[in-house]
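Hi,

Here is the structure I promised to pass on.

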Amino acid sequence: MGRFINPFTDIGFKRIFGQEFSKPVLLKFLNALLKDERTITDLQFLDKEQIGIYDGDRSLIYDVLCRTADGEQIIVEMQNRYQPYFKERSIYYAARAIVEQGQRGREWEYDIKAVYLVAFMDFQISDTVKDVRIDVALMDMERHTLFSDKVRLVYLQLPFFTKEEEECHDDFDRMLFVLKHMDVFDRMPWAAKDSVFQRLAEIAEVAKLDKKERIQYEAEVKGYRDTIAVMHGQYLLGEAKGRAEGRAEGLAEGWAEGRTEGLLIAATQMRSIGIADKEIKGTLGLTDEDMKRLNDK
């Protein structure tokens, strides 16, 4: 068990972003995300459970739901495994946050406040976009201009964040670096110079969890590790298949190519459930060239 919690566990993410004591961490991240656009000075945490709008309608529970001083709502979600309809789910979450603003009576004129949804993902949401950040808004498609600023969806594909500590020169990069690697740190980077990272170190120490939280956290980490173990088994099956194909060809190069294809099949499966590239590369022993082939698939 590492010194700091894994942010991609449910308890870890909510401890880092979803409590009053951690508000400075969330503010720092959001202001880094929206740098040169706006500055958020304060946040109010809202009830994360939204009851159904009509009889029989299912309620939903956000990871973090908060409101700015200007009345805008911000939903922050964490997803550590691939879901085929995650984009649709995030659109639904944002839409529900807008609908909840409706007021009874004839005098209300649909003066809605903006809703932001920010999603941390330990997997690739788009088959074509291989950038860390994907920004989505309502756009005039003919003129390529913003149609409305009332809905904003930001997806952060952490497998594509590959910067090292010394390459992180702004708060946005520093926050992503810490969130991606926190559970393997012996020390919290930048804590000596930045009070927010110092507070993050205090919040995220595993030793600070109470008994109930520790049991829950260890169960979540076990589940994560079990997933890696299962995918390693898939890798071995893929490798065996590759060897068989290589032997059938009767060529050493055929065996090598078959083995590589088996590895890439296993790597693709591991990606599909949200395992990060760094862990895939280390677990399967892939080379930089192998990772390039995986990204080109």
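Below is what turned up, starting with the sheet and ending with the rings.

Two bits of housekeeping: this is a predicted model, so local features need pLDDT of at least 70 and side-chain atom pairs count only at pLDDT 80 or more, while totals for chains, interfaces and linings use all residues. Residues are numbered from 1 along each chain as its sequence is written, and side-chain values use heavy atoms, with hydrogens and water left out.

**The sheet**

Helices (H or I, at least four residues) and strands (E, at least two) are DSSP runs, numbered from the N terminus, and two strands pair if DSSP finds at least two bridges between them. Six strands make up an open sheet with mixed pairing, in the order β1-β4-β5-β6-β8-β7. At the edges sit β1 and β7 (133–140), each of which pairs on one side only. On average, neighbouring strands here are turned by 25 degrees against each other, direction ignored. For angles, axes are lines fitted to C-alpha atoms (for helices, over the stretch in contact), and values run from 0 to 180 degrees between N-to-C directions.

On one side, β4 pairs with β1 (residues 43–45) in the antiparallel sense over three bridges, and glutamine 44 has arginine 67 of β4 as its bridge partner. β4 also runs antiparallel to β5 (residues 73–79), joined by four bridges, with leucine 65 opposite isoleucine 75 in β5. The β4–β5 hairpin has four residues between the strands, and glycine 71 takes a positive phi there, near 90 degrees.

Helix α1 (residues 10–17) lies across β1, β4, β5 and β6 (115–121), at about 150 degrees to β5.

**The aromatic rings**

There are twelve aromatic pairs in the structure. Rings of Phe, Tyr and Trp (its six-membered ring) pair if their centres lie within 6.5 Å; planes under 30 degrees apart count as stacked, over 60 as edge-to-face and the rest as tilted. Phenylalanine 13 and phenylalanine 120 are edge-to-face, because their centres are 5.7 Å apart and their planes at 70 degrees. That pair links helix α1 to strand β6, 107 residues apart. Phenylalanine 13 is buried at 3% relative accessible area, and phenylalanine 120 is buried at 1%. Phenylalanine 120 also pairs with phenylalanine 29, this time tilted, with centres 4.9 Å apart and planes at 40 degrees. Phenylalanine 29 belongs to helix α2 (residues 23–33), 91 residues from phenylalanine 120, and is buried at 0% relative accessibility. Ring pairs join Phe13, Phe17, Phe29, Phe120 and Phe172 into a cluster.

A charge sits over a ring if NZ of Lys or CZ of Arg is within 6 Å of the ring centre and within 35 degrees of the ring normal. Arginine 133 has its charged end over the ring of phenylalanine 172, 5.7 Å from the centre, and arginine 199 does this with phenylalanine 21 at 4.4 Å.

**One more spot**

Alanine 267, in helix α7 (residues 252–272), is buried at 0% relative accessibility. Neighbours within four places in sequence aside, alanine 267 is in contact with Ile280, Leu284, Leu286 and Leu294 (contact means heavy atoms within 4.5 Å).

Cheers

Methods: Buried < 20%, exposed > 50% of the residue type's maximum accessible area, 1.4 Å probe, protein only.
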